[in-house]
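Hello,

Here is the structure I promised to pass on.

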Amino acid sequence: MDDHIISRASACGKIILCGEHAVVYARPAIALPLASIRAHAVITRGIPGAGLCFVAPDLGRRWLLAATPDDPMAELVTTTLRRLGVAQPLDLRITVTSDLPIASGMGSGAAIATAVVRALAAALDRTLEPADISAQVYDSERRYHGTPSGIDNTVVAHEQAIWFQRRTEPPHVIEPITIGAPFTLLIGDTGVRSATRLPVGDVRRRWQEDPTHYEALFDQVAAIVTRTRTVLASGDLGTLGALLNQNQELLERIGVSSPELERLVEAARSAGAYGAKLSGAGWGGVMIALVDDRSADGVRSALMQAGATRVLQTTVGAG
Ligand code: PMV
């Protein structure tokens, strides 16, 4: 066996600007790609006769597809190869690495899966359309989350700011978002890892017990998301910040915030952010704060002092 690289591919991370959770219940949400924070897949020749081997150095794991056919990653590869017209197992080694912390609301699962699908297509000299890649990854996300809305796999596959609204049957509404003026977000990580399916499952149980209450909250989130889209086109940071704050208040009422997230949100606001909210599934993971050049450094320090394990910065709509 040699380490000759057959193909390599990467995929971006993502954050949800607004509308998480309500998006599972067919309301719109806005998601943004994180182009500079990525997952990577490298395909090299495998051991003859061993079939597909996965290597995840970040996790210290190595496993064979044949030994774990029910593993979501193994299923993703099997269905992707089938989609690419390959029926027999291939002797390949797929090494996955990621800059994205897992279970933090930054789309690590969707990014790794997208990188793997892209690398497999490239290894077979094929190109898959973003919609095709997104559909493959959605099936794999279902194994982890149960009822994902599909927003993560969509924004990662298209790698652009999107308005997403789930329909009962695909095609879902996927529209590019117009950003009138670039804006900067700080992403503060609570360091608390929380699997998406836990808060998503908890919200579902409570929605089943009291659908009227939760439907009304989801409608209020949808109204904020709709206003956010208009404000993004005009570039009014003050109003955008206020909308993020309102979304955070609704997420608290939906029951997916946490003391660690709220500490960071409060710290960001007190240090001069226009607005701040949790991003993603909640109960941990990351929050976002809308800043400008004057406030960015102060907000970053305030987030670190309030317990953030790291703070990333992304500028949306530049270039
Ligand atoms: O994967 P996360 O943590 O970014 O959460 C996804 C957003 C949710 O709306 C909570 C779930 C979903 O499937 O849309």
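Predicted model: local features only at pLDDT ≥ 70, side-chain atom pairs only at ≥ 80, totals over all residues.

Residues are numbered from 1 along each chain as its sequence is written, and side-chain values use heavy atoms, with hydrogens and water left out.

Domain 1 covers 5–176 and domain 2 covers 183–316 (bounds from an automatic or database domain assignment). Their centres, taken over C-alpha atoms, are 25 Å apart. The contact (heavy atoms within 4.5 Å) draws on 30 residues from domain 1 and 41 residues from domain 2. Together the two domains bury about 2900 Å², 65% of it on carbon and sulfur atoms; buried area is the accessible area (1.4 Å probe) lost when two parts are put together, summed over both.

Now the helices (DSSP runs of H or I, at least four residues, numbered from the N terminus). Helix 1 (residues 72–83) packs on helix 2 at about 35°, with the axes 10 Å apart; axes are lines fitted to C-alpha atoms over the stretch in contact, and angles run from 0 to 180 degrees between N-to-C directions. Met73, Leu76, Val77, Thr80 and Leu81 of helix 1 touch Ile112, Ala113, Val116, Val117 and Leu120 of helix 2.

Helix 2 (residues 108–123) also meets helix 3 (residues 130–145), where the axes come within 9 Å and cross at roughly 130°.

Best wishes

Terms used. Helix = DSSP H or I, 4+ residues; strand = E, 2+ residues; numbered from the N terminus.
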